[in-house]
Amino acid sequence: MKGGHLLTLLFGLAIWGTGGAGAANGAVVGAVGGAEDAATLQADIAAGEYMARAADCSACHTMPGGRPFAGGMVFRLPMGTIRASNITPDPKAGIGGYSEAEFARAVRQGVRRDGATLYPAMPYPSYAHMTDADVHALYVYFMKGVAPVAVPVAANDIVWPLSMRWPLVGWRMLFAPSGARAGQGGTDPQLARGAYLVEGPGHCGACHTPRGVAMQEKALTAADGPLYLSGGSAVDGWNPVSLRGEAREGLGRWSEEDIVAFLQTGRVTHAAAFGGMTDAIRHGTQHLTADDLHAIAHYLKSLSPAQPLARAWRYDATAGHSLHDGNLSARGARAYVDNCAACHRTDGRGYPTTFPPLAGNPVVMDASATSLIRIVLTGSVLRATRQAPSAFVMPGFAARMDDRAVADVVSFIRQSWGNEASPVSTAQVAEVRRSISGDGDAPPAHQPLN
Ligand code: HEC
Ligand code: HEC
Ligand code: HEC
């Protein structure tokens, strides 16, 4: 949609002042305490805690090492930074004053208690799909199952007039759905559950779906067509890949079991989790039941490839044999042997679930090489999860490799072992290096090798 910013702005202007007028989505179920007996309350708290995990609320609302849901996480937007709210039940610093209807409206429609529209860093276009029952359980959990924290979140530093929230009203009216549509799996209940979890609370599309000029997700459900989950844009140098059925850069070669294992442990034969996916697993998917993870996997495997004509990946032994024979004439081959092969091996097969393979890895074959450049520059930690308690470290090479060397080694892994992806230029490396320098969250660039 061309001119989306302008349209958003004008639309916002036209309905200036009506931000607080929208009614809460759907009926409001029950009330907390009072009418509910203790057993119902406990059941709701447990259901709400589970939903908070399925919806990853803590990934944004809990700072690393901070009190649960006390907020403060910083989001950088083009016009300044905003911070995730304190959503503990403290009446002043948190959301203790929210009624259930107000809470439902904030979570599903992005309207704050005072009527202001929330920045869509809070993924309400996906949460719009959540059922009344799940939102009710969430409300009970946040009011009765979470400890209040009286520390207010620091103010957003966006200067006036950009700090005015009214243009967001137009954005919300245009791009955030107002009625539940997810979970339309026809007659297959497992498919319906998977669609609900992915399109609704899981908000997988917030990262994995491409965004348009106004930063809106170009598709919000599978019914919107093959752009849905076809790969999103990079955040902090990590690009979310396609979750559809492409044979190379999607999940075409993954089994349902592979997907379940990845969401539980972050590591499978094909790949290991990094970037934003680490948080999605740590705060969210590793806590889900096996039934729910199978439903998610079943649903993802039902998505047709976005590019159906892509050739399947087939292992090619040439590069491995050359390296093995000491032939380092290919661009980047020497850098690969010197810096990478100890863990990822000359045959590119790695040591799956410890050091991921680079041969046939969808991330390595993705059209965008951004993540690959970023991981070589900064390194990454494959974190422990409940079911995979060991962590493995990839060192960062930013201090040891210049842009040319990084471009060469990344081009090498993209073009060896049958991967056949496009090479990268020094300009691309320089751009990623710039975008992450001064990034306080990045792992140290000069981690020693051992
Ligand atoms: C991807 C990050 C992200 C996730 C996930 C997320 N939030 Fe938020 N949330 C935010 C941000 C950022 C804000 C502040 C937005 C603003 O100031 O406009 C916010 C604001 C809110 C508010 C408004 C509170 C207030 O009065 O300021 C509520 C309520 C809320 N979130 C609840 C939730 C719940 C419940 C979940 C899980 C179901 C959740 N959020 C998941 C980022 C997130
Ligand atoms: C905060 C952003 C973010 C969210 C939310 C997110 N992902 Fe991801 N995901 C990523 C990134 C970045 C990658 C690429 C790195 C990697 O493979 O771990 C990825 C990779 C994956 C992969 C591995 C694909 C491959 O080819 O290696 C799977 C499977 C996956 N995500 C599933 C999901 C599901 C299911 C959800 C929703 C429950 C989800 N993701 C939510 C950022 C995200
Ligand atoms: C000490 C062992 C080690 C060395 C040396 C190493 N890596 Fe890694 N590599 C890892 C680990 C562990 C991961 C998983 C990190 C994660 O999941 O967060 C990884 C992940 C990757 C990934 C992402 C694949 C995926 O699915 O997660 C790429 C690409 C990669 N390495 C390329 C390289 C390149 C290129 C070099 C040399 C410049 C290199 N690595 C050197 C251990 C290593």
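The shell around ligand 3 holds 24 nonpolar residues, four polar and no charged. Here Ala, Val, Leu, Ile, Met, Phe, Trp, Tyr, Cys and Pro count as nonpolar, Asp, Glu, Lys and Arg as charged, and the others, Gly among them, as polar. This is a predicted model, in which local features need pLDDT of at least 70, side-chain atom pairs count only at pLDDT 80 or more, and totals for chains, interfaces and linings use all residues. Residues are numbered from 1 along each chain as its sequence is written, while chains are lettered from A and ligands numbered from 1 in the order in which they are written.

**The overall chain.** The protein chain has 19 helices and four strands. Both are DSSP runs, numbered from the N terminus (helices: H or I, at least four residues; strands: E, at least two). Of its 450 residues, 44% count as buried. A residue is buried if 20 or more other C-beta atoms lie within 10 Å of its own, exposed if 12 or fewer, and partly exposed in between, with C-beta atoms placed from the backbone. Take contacts between residues at least 6 apart in sequence: 67% of them join residues at least 24 apart. Contact means C-beta atoms, placed from the backbone, within 7 Å.

**The ligand shells.** A residue is near a molecule if its C-beta atom, placed from the backbone, lies within 6 Å of it. The table lists the shells by ligand.

| Ligand | Surrounding residues | Closest residues |
|---|---|---|
| Ligand 1 | 24 residues | Ala55, Cys57, Cys60, Ser85 and Met122 |
| Ligand 2 | 25 residues | Cys204, Cys207, Gly276, Met277 and Pro362 |
| Ligand 3 | 28 residues | Ala271, Ala272, Cys340, Cys343 and Met394 |

For ligand 2, the elements giving two or more residues are helices H9 (205-208), H10 (256-265), H11 (276-284) and H16. H11 gives the most, with four residues. By class, the ligand 2 shell has 18 nonpolar, six polar and one charged.

Around ligand 1, helix H3 (57-61) and helix H4 (100-109) each supply at least two residues. H3 gives the most to that shell, with four. The ligand 1 shell has 19 nonpolar, two polar and three charged residues.

For ligand 3, at least two residues each come from helices H15 (341-344), H16 (362-365), H17 (370-378) and H18 (403-415), and from strands S3 (380-382) and S4 (392-394). Domain 2 (189-300) and domain 3 (318-436) both give residues to the ligand 3 shell, so it lies between them. Those domain bounds come from an automatic or database domain assignment.

H17 is mostly covered, with eight of its nine residues buried. Among them are Ile373, Arg374 and Val376. The buried residues of H17 pack against H16, S3, H18 and helix H19 (426-436). Gly379 follows H17 and has a positive phi, near 75°.

The largest nonpolar core has 101 residues, and Val107, Leu138, Ile296, Ile373, Val406, Val409 and Val410 touch the most other members. Helix H6 (residues 132-145) gives the most to this core, with eight residues. Such a core is a set of buried Ala, Val, Leu, Ile, Met, Phe, Trp, Tyr and Cys residues joined through C-beta atoms within 7 Å. Leaving aside neighbours within four places in sequence, Val406 is in contact with Ile373, Val376, Leu377, Phe397, Met401 and Val429.

**An exposed site.** Asp291 lies in helix H12 (residues 290-300). Asp291 is exposed, with 10 other C-beta atoms within 10 Å. Its C-alpha atom is separated by 9.6 Å from that of Arg193, 98 residues apart along the chain.

Methods: Contact = placed C-beta atoms within 7 Å.
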